[in-house]
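Please keep the sequence and the model side by side as you read.

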Amino acid sequence: MIAKALIEHLLMQGPVIAISRQALTYTAKRLKSIQSGYSEGEIAALVSELARQKHVISNVFIFNGILHQDTVKPEKRLEDLSEEAMNTLFKINTITPMMWLKHLMPLVKGDRKCVIAVMSARIGSISDNRLGGWYSYRASKAALNMLLQTSAVEYARRAKNVAILAFHPGTTDTPLSKPFQQNVPKEKLFSPDFVAERLLAVTQTVTPSAQAYFIDWNGEAILW
């Protein structure tokens, strides 16, 4: 839902390439929609084809993420941990975004600034963890943050025009947060459109660096 809202905002600025697991039902004149299964082979082939078509990329937004599904729930106790659930969350929240960063470098490398923004979460901050619980989600986002910072170091050597951003959208009114909204104050439950606007605003503030940025919807830095 945030991705759809973001696409609508980006289309006001220029052409958009949207890549998703499921075919988009949303269509627009300047929108190119591509379906992908997100295996590494599919990611590599897709990026190679975009490079062959000589697309110039100014921003990349990676929205891969999972908190829960039918057989996966946030763990409240160590006894709730499941190898299968942990593998699922790490595959979607951590590994898949990194496969994009691995293969994107030749496509985004150039003279103009490019921001690669990845959906992270404040709950992935080790310094901010005072409540415990939600083991797999916390760990998958913390691992993602580490990998983004490590990538920023290498991108700074090999693609100096790229800034890497780990973005915390806050609690957004989407299916991901739906089961956990009951204790969220109304003013802290954001619409996808609001989050898309804030994400675009934050991308304007970051510059290419050997340090990744970990920033929330309000433009404030989060401790790693």
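Tyr 38 sits in the loop that joins strand S2 (31-35) to helix H2 (40-52); helices (H or I, at least four residues) and strands (E, at least two) are DSSP runs numbered from the N terminus. The model is predicted, so local features need pLDDT of at least 70 and side-chain atom pairs count only at pLDDT 80 or more, while totals for chains, interfaces and linings use all residues. Residues are numbered from 1 along each chain as its sequence is written, and side-chain values use heavy atoms, with hydrogens and water left out.

Now for the spaces. On a 1 Å grid over the protein atoms alone, a cavity is a set of points where a 1.4 Å probe fits but cannot get out, and a pocket is an open set with protein on both sides within 12 Å along at least five of seven lines; lining residues have an atom within 4 Å of a point. Grid points are joined across faces, edges and corners, and a volume is the space filled by probe spheres set on the points.

By this rule there is one cavity of 30 Å³ or more. Helix H3 (83-108) and helix H4 (135-158) are the elements that each give two or more residues to the lining of the largest cavity. That lining includes Leu 67, Pro 74, Leu 89 and Tyr 137.

H3 and H4 also each supply two or more residues to the lining of the second largest pocket, with the largest share, six residues, coming from H4. Among the residues around this pocket are Met 98, Leu 101, Thr 150 and Arg 158.

| Space | Volume | Lining by class |
|---|---|---|
| Largest cavity | about 30 Å³ | six nonpolar, one polar, two charged |
| Second largest pocket | about 150 Å³ | five nonpolar, two polar, three charged |

In these classes, Ala, Val, Leu, Ile, Met, Phe, Trp, Tyr, Cys and Pro count as nonpolar, Asp, Glu, Lys and Arg as charged, and the others, Gly among them, as polar.
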